[in-house]
Amino acid sequence: MMNENLKMDINKVFSTSVRTLTAIFVSLFAITYSFSQEVNATIDSTSIKIGEQITFSIQVETDSTNVVVFPEGQTFAPMEMVESLLADTTRLEKRFRLLKEYRLTQFDSGSYTIPQQRVMINDRVILTDSMRVEVADVAVDTTKQKMYPIKPSVEVPSRFQIPTWIWWLLLIAMVVASLLLLIFRRQKKKAEAEVKIPPFEKAMLELQALDKSDLLKNQDYKNYYSRLTDSARRFIDEKVDDHAMERTTEELIALMEAKKQQGKLDLSQETIKDFKQILMRADLAKFAKMNPDEGVVKADRLRVEDIIKDTKAAIPEPTLEELENTIEFQEAKAKKRKRKQIIISVIVGLFVLVVFFVSLIVIKGTDYIKDSFIGHPTKELLQGDWVRSDYGYPSVAITTPKVLVRKDAALPKEVEQVVKDNQLFTYGSLINGFYVYVNTTSFKQEQKDVDKSAIVQANLGMLEKQGANNMFVKEDEFTTANGIKGLKAYGTFTFSKEQGNFTGQKSAFQLLVFNNNIGMQQIMVVNGENDEAGEEISNRIINSIELQKSAQ
């Protein structure tokens, strides 16, 4: 009985569990089915050509309260997203239908799979189906495609760069401008010093100007005596007491008598007495409007001149201590000290510069100084923007620091019967430390047996005619990046003083000669033997060569 009850309990529990699991499974299936019904992804084509675009669409139906987030960025790899359009919204009663479109493309042929895309509705993530796209190659029928001749080379303007010599020119201009400014200031100060008239001469000039005035003729005694006594007061103010212009007559005379008793003014008592009388008459003329006799006025004029002269003679020579206390002495001393500081600073600065450059030469070498401060043409070429282009026929594809310029290449009459066309492209010059040329020759008829060594010797002979001598030459086989073999001649040479601009400086060269049933190609690069940047440029040019293969 117990076993039957136990079996009934187990069956009851089992059936309950099965119903629960079935309900959960059905619920999950319903949720998944509802999600799949909410989000639908399609493409307008499953087969395109290289570069064509397809439209990938994602359609979402959801409640108006839900937040929908579509995929963004390059999530369609290996397909490339070209454009992401704005979502289009359509209202369906209480629901919204959202349509999001993407433009996709691919530039390589093959079969590609667009991966599943993630669409978020609130916190739920829904994945679209993955889709396969076939990208077909574009067939080109070379037998029907019209061929066009090679276009001539075009001069490409180089990127603007400020040459190093301009910076040096600006530096020199700044130094020269600074020197001129110092000279101008010194001359200005010198002129100002020259314009500054000594007190005695100034007093004499004031008296001469007073004589030329019409004050006495017009009986303007007030202004006449004012200018007459001011000339004497100003002299005393500058040479004896710096408050003479402010003192009254009694104060000024008392000061002069005190100076006389102290031995600081060796002036006679009669001169002081006469000066007092003239000052008193001047006070009467200025304040009491007294009109003195014309003869007395003229006598006072002459006596004031004598008083100034006597005062000048009565002033003792200043002691060293007095000189040191004067403003002029202190200013002169400060200028001398400042001049000395400037000279020391210049010497120290020059010494630091010399030590700096000597240290750089010892540590880095002269080439570093030349590259960093003077400028190095080949280094500027190496660091600039390089250009890759095709030249001549049979064409030579080559990468160079600058675009090669086409030159006229005259053919000897003896080869005109064999050669159909000859083109020459160059940059630089042999006498400027760097030179590169590309020469292509097309034959009228097929020429299989071309002696490359003879072509090398002909090129070296042309170098000798231009001034090259002491040539050291080696020959070796050379293979281009696209597998074409040719002859490479390399070595060094120098220019003589009589024939070239170099004075015994060595140059390194690399000469390549190729030929096929179409024609012949020659490439030469020349650089300074000890020029590391030039050597790097030459090797980079040589390693970039790709040639047109012979016609099949």
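# A tour of strands and rings

Begin by selecting strands β12 and β13, which form a hairpin with four residues between them; in the turn, Gly392 has a positive phi of about 70°. The model on display is a predicted one.

Keep both strands in view. β12 covers residues 387-391, and its pairing with β13 is antiparallel, over five bridges. To follow one of the pairings, select Asp390, whose bridge partner in β13 is Ala397.

Next, show the side chains of β13, residues 396-400. How many of its five residues are buried? The count is five of five, and both faces of the strand are covered. On one side are Val396, Ile398 and Thr400; on the other are Ala397 and Thr399.

Within β21, the residue opposite Ala397 is Glu546.

Now move to another sheet and select β2, β11 and β8. These three strands form an open sheet in that order, with mixed pairing.

Select Ile114 to find Met131 of β11 standing opposite.

The tour then turns to aromatic side chains. The structure holds 10 aromatic pairs. One of them is formed by Tyr224 and Tyr225: the ring centres are 6.3 Å apart and the planes stand at 80°, so the pair is edge-to-face. Are these two tyrosines buried or exposed? Tyr224 and Tyr225 are both buried.

For a group of rings, select Phe56, Phe76 and Tyr102, which ring pairs link into a cluster.

Finish with two places where a charged side chain meets a ring. Select Phe200 and Lys312: the lysine lies over the face of the ring, at 4.1 Å from the ring centre. Then select Trp386 and Arg540. Here the charged end of Arg540 sits over the tryptophan ring, 3.8 Å from its centre.

Technical notes. Residues numbered from 1 in each chain as written. Heavy atoms only, no water. Phe/Tyr/Trp six-rings, centres within 6.5 Å; stacked < 30°, edge-to-face > 60°. Buried < 20%, exposed > 50% of the residue type's maximum accessible area, 1.4 Å probe, protein only. Lys NZ or Arg CZ within 6 Å of the ring centre and 35° of its normal. Helix = DSSP H or I, 4+ residues; strand = E, 2+ residues; numbered from the N terminus. Pairing = 2+ DSSP bridges.
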